[in-house]
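Me: I would like to learn how to read a structure of this kind feature by feature. Could we take it slowly, with the general idea before each case?

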Amino acid sequence: MNTRNIKVMNRFDVTSRLIAKLKHEEAVIGGIGNTNFDLWAAGHRPQNFYMLGSMGLAFPIALGVALAQPDRRVFALEGDGSLLMQLGALSTIAALKPKNLTMIVMDNGIYQITGAQPTPAANVADIVAIAIGSGLASSAWAADEEDFERLVDDAMAASEPSLIAVRIDDKPGVGTTRRDPVQIRERFMHGLGVRDPL
Amino acid sequence: MAIAEQQPQGSSDGSWHGIVLQTLKRNEISLIPYVPDRVLTPLIKNLHADPYFTTFATAREEEAVGIVAGAWMGGRRGAVLMQTSGFATLANVLASLAVPYQIPLIMFVSERGTLGEFNYGQSLVCRTMRPVLGSLALEHHTITRLDELEFITDRSIKQAITTQAPVALILNPLLTGGKVFDK
């Protein structure tokens, strides 16, 4: 993995930096576990969706939202272990080329939440190289926090899907998402303007 | 199948796939991710040819489920096409996404593994399908008759959407002709 000059960042900090940039009711899909725990901890927004299972589907769910609402920017936050379960989704997204989708991969090389076991990709595979090889030309490692913010700015102005990979530490999520799937889904639909509350 | 494959695209000429296509359109279901199946080929071909639909292949069936779940939450309706062995990969996403989040997931499953199956593995995996559907108490129908296809499909789609619950429509070889040993 060609990450020697890449700073090890923190998931909650990086997530908070992303959320601080969102001014236009952008949708954010948080993958299973720590990824959505930190999205929750960064401050609930009506346009956030939190996965409580279906490991690996943050990018496909985000793709569906992006296809349904092409005028809304959609972000997806996914862990490296989760992405490894659904690498084919990268090619699907590359083929469909949604202009409004940005994928962020939080890569610590471990399944932190299950006991910090290393993933099979740790130390041998490069997420950005995989993404580029899958057809996502606009894929890059964030060198540090400032570079991450610059890449987010670029992605928000881009006319093709973007993937940003972030090396993160082994810290657990800061918060714990309230595990109420119906309420999560309903409030997300309100946030996207699909439905009005009862 | 030879007759069915000669039908013009997107037709409502009475072929099973023409009826499915028209019923999808009538119910404003426009997003169709699929993992292909030989029997579904005329339906997939005609969906691709009709600009009303966004039709595309995914690498796995659960990926397709994620996509239509996201699209539903964003206000766009979709349906997933697959074969029996693909359904067998879905227990986790059904139990952790579609059912608990109350997503009206609409699945069309081309039924392999019965009525002339020539691959033992297909016949075994087919036997896992209805127990999985039953274990989650999911609405499902096995469609065997052309004259019942539109009614079952149209009503099931409407029920899925209004009750916010998944439905599996199993396209039996009695309806589609199925896939038979040919080599």
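Predicted model: local features only at pLDDT ≥ 70, side-chain atom pairs only at ≥ 80, totals over all residues.

Me: Is A:Pro60 buried or exposed?

Reply: Burial can be judged by counting neighbours, and a residue counts as buried if 20 or more other C-beta atoms lie within 10 Å of its own. A:Pro60, which lies in helix H3 of chain A, is buried because it has 31 other C-beta atoms within 10 Å.

Me: Which residues is A:Pro60 in contact with, leaving aside its neighbours within four places in sequence?

Reply: Once those neighbours are set aside, A:Pro60 is in contact with A:Gln86 and A:Ala89 and also with B:Glu63, B:Gly66, B:Ile67 and B:Gly70. Separation along the chain and separation in space can be read side by side: A:Pro60 and A:Thr92 are 32 residues apart in sequence, and their C-alpha atoms are 8.7 Å apart in space.

Me: Which residues of helix H5 of chain A are buried, and what do they pack against?

Reply: A helix can be read by asking which way its residues point. An α-helix has 3.6 residues a turn, so residues three or four places apart point the same way. In helix H5 (residues 88–96) of chain A the buried residues are A:Ala89, A:Leu90, A:Thr92, A:Ile93 and A:Ala94. These buried residues pack against helix H3 (58–68), strand S4 (101–107) and helix H6 (127–133) of chain A, together with H4 of chain B. Just after H5(A), A:Lys97 takes a positive phi of about 50°.

Me: How many residues of chain B are in contact with chain A, and which elements supply them?

Reply: For an interface, one may begin with the totals and then turn to the elements and residue classes. Here 25 residues of chain B are in contact with 28 residues of chain A. On the side of chain B that touches chain A, strand S2 (54–57), helix H4 (61–73) and helix H6 (91–98) each supply at least two residues, and the largest share, 9 residues, comes from H4(B). By class, that side of chain B has 12 nonpolar, 9 polar and 4 charged residues.

Me: At what angle do H4(B) and H6(B) pack, and how far apart are their axes?

Reply: A helix pair can be described by its angle, its axis distance and its handedness. H4(B) and H6(B) pack at about 20° with their axes 10 Å apart, and they are therefore roughly parallel to each other. Their crossing is right-handed. In this contact B:Glu62, B:Val65, B:Gly66 and B:Ala69 of H4(B) meet B:Val93, B:Leu97 and B:Ala98 of H6(B), a set that has 5 nonpolar, 1 polar and 1 charged residues.

Me: Which residues of H2(B) meet H3(B), and at what angle do these helices pack?

Reply: Helix H2 (residues 16–26) and helix H3 (residues 41–49) of chain B pack at about 40°, with their axes 9 Å apart, which makes H2(B) oblique to H3(B). The crossing is right-handed. From H2(B), B:His17, B:Val20 and B:Leu21 meet B:Pro42, B:Leu43, B:Asn46 and B:Leu47 of H3(B); these contact residues divide into 5 nonpolar, 2 polar and no charged.

Me: How do H2(B) and helix H8 of chain B cross, and what is the angle?

Reply: The axes of H2(B) and H8(B) (residues 146–163) come within 10 Å and cross at roughly 20°, and the two helices are therefore roughly parallel to each other.

Conventions: Residues numbered from 1 in each chain as written. Chains lettered and ligands numbered in written order. Contact = placed C-beta atoms within 7 Å. Helix = DSSP H or I, 4+ residues; strand = E, 2+ residues; numbered from the N terminus. Nonpolar A, V, L, I, M, F, W, Y, C, P; charged D, E, K, R; others polar. Axes fitted to C-alpha atoms, helices over the stretch in contact; angles between N-to-C directions. Parallel < 35°, antiparallel > 145°, perpendicular 65-115°, else oblique. Left-handed = near helix turned anticlockwise from the far one by under 90°. Buried ≥ 20, exposed ≤ 12 C-beta atoms within 10 Å, placed from the backbone.
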